Every structure is written in C-alpha cells, then in structure tokens.
Amino acid sequence: ALSLKIGFIQCLAMVPGVSRSGATILGALLMGVTRKTAAEFSFFLAIPTMLGAAIYDLYKNRHDLSFDGGILIAVGFVVAFLAALAVVRFVVDFISRHGFTPFGWYRIAIGTIMLMVLMSR
C-alpha cells in the first residue's frame with residue numbers, strides 16, 4: 001500500500017518543472033521511509049517509466065531504424081546500463097552518508113542560474 005501511494009506521488013512529475021525522482025523521494029520521506037530506501041525505490045520506480053518511454057520512442061522511429069545498426073544499439077544499451085548501475089550505486093551510497101541537502105542546494109543553484117538566463121533574454 002505504501003509503494004502504491006509513493007507511485008501516485010510520482011504523478012506530480014507530470015507538472016512541468018517537478019522532478020520525478022524528487023517527488024517520489026520526498027513523498028517516501030514524508031511517509032517515514034529511510035533516505036536510502038527512498039532513493040533506491042525512486043530508482044526502481046524509474047525503470048518502468050524509462051522502459052515505456054524507450055519502447056514508445058523505438059516504435060515512433062521504427063521506420064528510421066534498421067538491423068544494420070543493431071549491434072551498435074545493443075552495445076550502447078549495455079554500456080548505458082552499466083554506467084547507470086554505477087551511478088545509481090554511487091548516488092545511493094552518497095545519500096546514505098550525506099543526505100539530500102547537497103542535492104537541494106544544487107537544485108536551488110541551477111534553478112537560480114536558469115532564471116537569470118531566462119530573464120536576460
């Protein structure tokens with residue numbers, strides 16, 4: 001039941017500017033889940049979302065794809081998967097040790113910079 005509630009919180013990411021992972025992690029934390037578990041669950045919850053987006057993108061571009069590049073796509077998939085696995089492990093370990101405060105400051109800094117860029121146009 002808790003995972004379903006967190007999954008519904010992920011729907012907040014449909015609002016422009018709302019981070020999917022941020023919404024799920026914050027929702028999980030507000031429901032009493034530990035930082036590490038919240039971060040891990042957020043990453044696991046991303047799998048069906050990204051898989052669906054990838055399948056849809058492949059379907060949309062099926063006319064432009066050929067099996068000539070199949071090996072390149074397979075190698076790219078494996079390398080991207082391994083890189084993502086390493087990054088997720090690093091991020092979960094980092095969050096377990098340092099919490100979410102560095103990410104909060106990062107988001108505030110990037111948001112401020114982007115607002116300044118938009119206002120300067």
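Mentor: R62 lies over the face of Y59, at 4.1 Å from the ring centre. A charge is taken to sit over a ring when NZ of Lys or CZ of Arg is within 6 Å of the ring centre and within 35 degrees of the ring normal. This is a predicted model, in which local features need pLDDT of at least 70 and side-chain atom pairs count only at pLDDT 80 or more, while totals for chains, interfaces and linings use all residues. Residues are numbered from 1 along each chain as its sequence is written, and side-chain values use heavy atoms, with hydrogens and water left out.

Let us turn to the aromatic rings. Rings of Phe, Tyr and Trp (for Trp, its six-membered ring) pair if their centres lie within 6.5 Å; planes under 30 degrees apart count as stacked, over 60 as edge-to-face and the rest as tilted. This rule gives 2 aromatic pairs. Helices (H or I, at least four residues) and strands (E, at least two) are DSSP runs, numbered from the N terminus. F94 also pairs with F103: the ring centres are 5.8 Å apart and the planes stand at 80 degrees, so this pair is edge-to-face.

F90 counts as exposed because its relative accessibility is 51%, whereas F103, at 32%, counts as partly exposed.

The next topic is the packing of the helices. Axes are lines fitted to C-alpha atoms, for helices over the stretch in contact, and angles run from 0 to 180 degrees between N-to-C directions. Helix α2 (residues 20-30) and helix α3 (residues 35-60) pack at an angle of about 140 degrees, their axes being 9 Å apart. The two are therefore oblique to each other; angles under 35 degrees count as roughly parallel, over 145 as roughly antiparallel, 65 to 115 as roughly perpendicular and the rest as oblique. The crossing of α2 and α3 is right-handed. A crossing is left-handed if the near helix is turned anticlockwise from the far one by less than a right angle, and right-handed if clockwise. On the α2 side, the residues making the contact (heavy atoms within 4.5 Å) include T24, I25 and A28, and on the α3 side they include A38, A39 and S42.

Helix α1 (residues 2-10) and α3 have axes that come within 11 Å and cross at roughly 65 degrees, again in a right-handed crossing. Here S3, I6, G7 and Q10 of α1 meet F41, L45 and T49 of α3. For α1 and α2, the angle is about 145 degrees and the axes are 8 Å apart, and their crossing is right-handed. In that pair, I6, I9 and Q10 of α1 meet R20, A23, T24, G27 and A28 of α2.

Two residues deserve a separate word. I25, in helix α2, counts as buried because its relative accessibility is 12%. Apart from neighbours within four places in sequence, I25 is in contact with A38, A39, S42 and F100. V33 lies in the loop between α2 and α3 and, at 17% relative accessibility, counts as buried. With neighbours within four places in sequence left aside, V33 is in contact with L2, I6, A28 and A38.

Notes
Buried means under 20% relative accessible area, exposed over 50%, partly exposed in between (1.4 Å probe, protein chains only).
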